[in-house]
Amino acid sequence: MSKAAVLTGLMQPLEIRDDVEVEAPHANELKIRMAASGVCHSDLSMQNGTMMAATPIVLGHEGAGVIEEIGPGVTGFEVGDHIVISWVPQCGTCFFCTRGQGYLCENSNAALATGGLLDGTTRMTSNGAPLFQMAASGTFGETTIIPASGAVKIPKDFDLKLGALIGCGVLTGAGAALNTARIAKGDTVAVVGCGGVGLNVIQGARIAGAGEIIAVDMAETKLQMAKEFGATATVNAGQGDPVSQVMTMTGERGADVAFEVIGLQQTIDQVITMTRRGGQAILVGVPKMDAMVNIPAFFGLVLQEKTIKGCWYGSSNVQRDVPRLIELYKSGQLKLDELVSRTIKLDQVNEAFDAMQTGEVARSVIVY
Ligand code: APR
Ligand code: ZN
Ligand code: ZN
């Protein structure tokens, strides 16, 4: 029997169940004893319907833990290995993986869409019924089963709490800056939304050598954090139009690269508008499924030669990028400890959802 936080339906608080049965891992799977899980906005997006979820489901996708059991056919891992979970398992052999775009791995699509593992089925039951697992993982539980291609080995002396954060917020945010946008030295960057993911876009931009980094948020506490993470200027979006403020700061030209890291139609529009001619607007936040990008084709795009680019999982090659991020942390360039606003128990996960919505925290991290 294992404990997990379960979403039973739209807008329902998560139920803490302690009767969860976790099967042995099937072929090419690993059983993980979870050490830590971050609470990311995408978890909340499943609860409030921004993202679709099959229920009942164990939420959580930003996690790290220790391998407890190894399924048939798995190579390269041993019981006791410490791992970060990649919520896009990257098979390494499909069309996308072999072209350096493992973040689009076609073998992980079914898992993300169905709430199961790679074959669409799940390994957990509670109260006699199967539980789905968010993003081929389900990290809001003491134990989970993941595809082996969704595990990235990390050194045993690395703090698993920080490892968990690497699994989504850091890979996504820093990756958006370093991989998706390929920011050039001296670029002027704007980041709209400075939560757990946006702060990592900011530090990714700093690491890439951006000149100016303009942080935009509505919460003063987030703008203060943004400065610690590398922002050179801040804009409070609650005080006046953020687009005109960014335009003023960039000599009315706009930013070379602007990131949307919230997932709102309004801020997506803002980010596209504040991108300069020839610049890139990078859309990182996950919007409602019916949100649209509406821009005039000629005046907004052709004449402007703007690039609007989606960003999925920071365009990360997880086996390459997780060790790289750990090295950046060890050399003092990447901040991780500062992302942990609160350390909580699994039972407090609903409070963590509340704290995220009031903008109080960058990340609450569940420690098991
Ligand atoms: N203008 C500016 N900032 C805003 C606005 C707005 N209209 N609305 C919200 N914000 C800020 C919040 O104050 C908060 O700091 O956006 C930030 C969002 O941060 P989090 O809630 O911590 O979300 P995060 O986990 O960073 O995820 C951001 O990326 O992975 C996706 O699904 C995730 O879409 C979500 C996005
Ligand atoms: Zn996430
Ligand atoms: Zn693949």
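This is a predicted model: local features need pLDDT of at least 70, side-chain atom pairs count only at pLDDT 80 or more; totals for chains, interfaces and linings use all residues.

Ala-136 lies in the loop between β8 (129-133) and β9 (143-147), where helices (H or I, at least four residues) and strands (E, at least two) are DSSP runs, numbered from the N terminus. Although Ala-136 is not a glycine, it has a positive phi of about 55°. Another backbone feature is found at Pro-56, which lies in the loop between α1 and β4 and is joined to Thr-55 by a cis peptide bond with an omega of about -5°.

Residues are numbered from 1 along each chain as its sequence is written, chains are lettered from A and ligands numbered from 1 in the order in which they are written, and side-chain values use heavy atoms, with hydrogens and water left out.

Turning to the metals, the zinc ion (ligand 3) is coordinated at 2.3 to 2.4 Å by the SG atoms of Cys-91, Cys-94, Cys-97 and Cys-105; donors here are N, O and S atoms within 2.8 Å of the metal (3.2 Å for Na, K and Ca), and since water is not among the atoms, sites may look incomplete. The donor residues of this zinc ion (ligand 3) follow the sequence spacing C-x2-C-x2-C-x7-C. Its 4 donor atoms subtend angles of 104 to 115°, and the arrangement is therefore tetrahedral, a term used for four donors if all angles lie between 85 and 135 degrees.

The zinc ion (ligand 2) is coordinated by Cys-40 (SG), His-61 (NE2) and Cys-168 (SG), at 2.0 to 2.3 Å, and its donor residues are spaced C-x20-H-x106-C in sequence. Of these, Cys-40 sits in the loop between β3 (29-38) and α1 (41-47), and His-61 in the loop between β4 (57-58) and β5 (62-70), so that the pair, 21 residues apart, links distant parts of the chain.

Among the helices, α3 (residues 160-180) packs against α4 (residues 198-208) at an angle of about 40°, with their axes 7 Å apart; axes are lines fitted to C-alpha atoms, for helices over the stretch in contact, and angles run from 0 to 180 degrees between N-to-C directions. That angle makes α3 oblique to α4, given that angles under 35 degrees count as roughly parallel, over 145 as roughly antiparallel, 65 to 115 as roughly perpendicular and the rest as oblique. The contact (heavy atoms within 4.5 Å) involves residues including Gly-169, Gly-173 and Ala-177 of α3 and Val-201, Gly-204 and Ala-208 of α4.

The axes of α3 and helix α9 (residues 318-330) come within 10 Å and cross at roughly 100°, which makes α3 roughly perpendicular to α9. Among the residues making this contact are Leu-162, Ile-166 and Leu-171 of α3 and Val-322, Leu-325 and Tyr-329 of α9.

Finally, the axes of α4 and helix α5 (residues 220-229) come within 9 Å and cross at roughly 25°, and the two helices are therefore roughly parallel to each other. Their contact is made by Leu-199, Ile-202, Gln-203 and Arg-206 of α4 together with Lys-222, Met-225, Ala-226 and Phe-229 of α5.

Technical notes
Four donors count as tetrahedral if all angles lie between 85 and 135 degrees; four count as square planar and six as octahedral if opposite donors are over 155 degrees apart and all others between 65 and 115; anything else is irregular.
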